[in-house]
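Please keep the model in view while reading.

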Amino acid sequence: MTDQKVIEVEKLVKKFGSFVANDNLTFDVCKGEIFGFLGANGAGKTTAIRILCGLSRPTSGKVLVAGIDAARNPEEIKKRIGYMSQRFSLYEDLTVTENIELYGGIYGMRMKEISTRTADLLNRLDFQQYGNTLIRSLPLGLRQKLAFAVAVFHDPDIVFLDEPTSGVDPITRRQFWEMIWETAARGITVFVTTHYMDEAEYCDRVTIMNEGKIVALDTPAALRANYGTDSIEELFVKITRPKTAAV
Amino acid sequence: MKRFMAFVRKEFLHIFRDYRTLIILFGLPAMQILIFGYAVRTDLTNAGIAVLDNAHDEVSAEIIGKLEASEFFEIKFHLTSYDGIDEAFKQGKIKEVVIFPENFGARLTREGNATVSIIADGSEPNTASLVTGYTTAILNDYSSTLTRQLTSAIPVINPEVKMYFNPNLESHFMFVPGVITLILILVSALMTSVTIVREKEFGTMEVLLVSPLKPWQIIIGKVAPYFFLSLVNVIVILLMAWFVFGLPVRGSVALLIAECMLYILLGLAIGILVSSSVDKMENAIFISFLTLMLPSLLLSGFIFPIENMPKIYDYVSMILPPRWFVEIIRTVMIKGGGLAVIWKETLILVVMTLFFMALSARKFKVRLGEGTK
Amino acid sequence: MRKLLFLLKKEFRQIRRNPFMARAIILVPIIQMLILVPAITFEVKRIDLAVTDNDRSPASRELMAKLSGSSFFRISATPGNYPEAEALLFSGEADMVLIIPDDFSEGLAGVNAPRLQVLADAVNPTTAQLAWSYFTSVVRDYNREVMISRGTAPAALPGIAVSPRFWYNPTLNYKHYMLPGVLVILITAIGLLMAGLNLVKEKETGTIEQINVTPVKKWELIASKVIPFFIIGLVDLALGLTVGWIAFDIPFEGSLLLFFACAAIFLVGVLGLALFFSTMASTQQQFLFIAFFFVMIFILMSGIFTPSESMPRWAQQFNYVNPVAYLMRINRMVMLKGSGFYDIARDMAALSVLAVTFITFAIMAYRKRA
């Protein structure tokens, strides 16, 4: 992790009508960092991540991704990032290799490069026999891993992962995070949202969102020390309890 | 019962929340009534024609005057030779050319027999028949008048015609029953099948099956809104037809509504059958379209009379419910016939309904059984 | 440009992998052609005539013979009285009823004017009118024959003989007329529905979001959706045309190049519309409802059944923006009359304007981000 900032967000506000989904968010992400965005469902995580990816326009505030203004130049940002959406979005009726080829080509890679990297990828993931399998025939865990691999296939500066481990068994989750560490080690910044509180421990720094606002931002260790809890989960409940108690 | 009503209410909300569904439910019939009522005309007005008068005598002048005066025609060109004809047809400006030979008038008055040539644009056969038909009528009219002028001693047969059911010869009489048929099958069959399959595809069907609701309650709950909406649709269409072009219901309204309810039930049964045979919404849509919509529109006698089709279509259309229903509606609504006239067609529909209901009930039980294993 | 190629590769792979679609592309044109074209006809083949003969004279029998001898009429029943005859109209067993009064032959002998009473089922006014005009022709001929056989001079009974000739379609074959129309419906349906459903499906599954987050430009995405279905549309048109040619022996008088050029322009417009509609729907069902609604309007108003010239003012004005109306007219003119470029230049220009407009709407409406 370096000190060079790849994401700078200052007072980001996103409103849908009168509903404030993101309320004055301010944070920075450094190059090579694994930055976690925690929060319950509906806290505003997906909204924020979509703005950072150029999929949504901020209502107000400064948002710089890889030095590019997200409000004015979203298309430029898209050249430098990778994204894995909450909804699985590889093409079910194409094979593994065909999906990889498509995205490799879209990001401007040469055919030769694509095929070498594909072979490499299949080896690393132990997927060799699945090269020509249709996505729809793959089990969920494999799909998720593949989606992540495709998201970083073109060596983006930053990769955004929106709840990548939802609905996946614990072993696959662990393997997934190994892939994330590997990616970060290559110098790719990882921005990941999740509602699994234990995954916070895997991040370099963590933000906790509640009802559109950032209520905590620090390393996991610092957070635990500050709030005097043994786990991030406890901390989360502590921070948000007054509001969630009524539920 | 309370659970059931809550379920039905949810279904209604589904429908009304989505403006696109409302477009199909209400916009489509309204649109069709308007178009069929006002825009689609099977008769002819202001058809462009050309005249080539080689006779240049009083008789031809008189006849041309009659053509000019008729509301069917609009004389666009007075040609002087055959040369311009092909050109004028190719540009689509005229539908026919009326040609008077030299000495036309003289031949007619002296020999009592003269020929007029008509060249019509055959690329639109319907128009061509009408155009030549009207022209012939005007010519016949002229020669009859001439005869009567010449002598009253010769008996000229005078046939009189009474146009039954539609004295003003409006074209929308034959369309409105068809529109009703189409809309009903669309709403009751297509939409029902889609809404049931949607629950299957999204997995919410299983949730329903696990709930205290019985399977039959689920199905009835899903189709009930469409039953009512179809009825509302029929009434709206009838009211529109009445207010927009004064189309009455000559027969018994109660009978009409009863027959509509029967047809709706049939549509629902078919919809349920389709939904139990497919798993994906797009397939449900595709099948409903191909097997229900297109035949209803084109092979049911709605627009194109069945007796004009090749014989085999007559036989095939017998298994198509819309064919019988169009017949029933036409008879009850426009001819004012009662049950005595249409009992045969009604019976056929009843049998079809029972058949489809039995079939879908069985298929659904089997499918549901599989689903809950 | 490269990105477009990769996208196109993906589109074609997906189409090939979808068995449903592959079959539909081939079968739909063939089935539509074979089934629809013979069915949709307004030609009046045979009129069921019921006759109540109250005269029962040689004269009335002669008249009946002449009627049944004509190719138009078939004497389907001989009800004994007026109420019975009327009932046949109600039940639909007779299209037309002729009541010959009991003083018919006397009338012919000159005692008083001979009358005939006809009751016609006018629910379909066009067939009723045609039937009536056929009837009066036969009656008139009969009248002349009777008088002339009794020695009246022909000159005293002037009759104008009409000999109609039908150019471009001498036998007034309805199939020749309907086939271009069915072809238009074919490519409209395929172009609009298939392309639109395809795009909305990506919305539904979420794969479109993955594309939206890549550097793929808007025009590249739209092109990748338009091009495959453009090609499929033209292929299906060719297929339909071939089937029509083989099965129905339809003529093709004009230029094939012109025909396909116009169809191509039309397809571009229709695909633009499909994309535009797809931005209004988030599920395939919604798209279908919207698309179906508008396609119905376009097709019904286009003059496929009835000539657009006889439509009221407002309808004809509507057709200025109805691409189906233009192609319908162009198709018929080129196929049956052999109309050339100059003949259809105005229509072609209008169609081009529409096509460009629709594609522009589509591009403007499609957003890569919310």
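Where is the place of C:Gly303? C:Gly303 sits in the loop between helix H11 (284–301) and helix H12 (313–318) of chain C. Helices here are DSSP runs of H or I with at least four residues, strands are E runs of at least two, and both are numbered from the N terminus.

The model is predicted: local features need pLDDT of at least 70, side-chain atom pairs count only at pLDDT 80 or more, and totals for chains, interfaces and linings use all residues. Residues are numbered from 1 along each chain as its sequence is written, and chains are lettered from A in the order in which they are written.

C:Gly303 is buried, because 25 other C-beta atoms lie within 10 Å (buried: 20 or more such atoms, placed from the backbone). Its C-alpha atom is 6.4 Å from that of C:Ala325, 22 residues apart along the chain. Leaving out residues up to four places away in sequence, C:Gly303 touches C:Ser308, C:Ala325 and C:Met328. Contact means C-beta atoms, placed from the backbone, within 7 Å.

Two chain pairs follow.

Strand E5 (residues 158–164) of chain B runs parallel to strand E4 (residues 115–121) of chain C, joined by seven bridges. Within E4(C), C:Leu116 is the bridge partner of B:Pro159.

Notes: Buried ≥ 20, exposed ≤ 12 C-beta atoms within 10 Å, placed from the backbone. Contact = placed C-beta atoms within 7 Å. Pairing = 2+ DSSP bridges.
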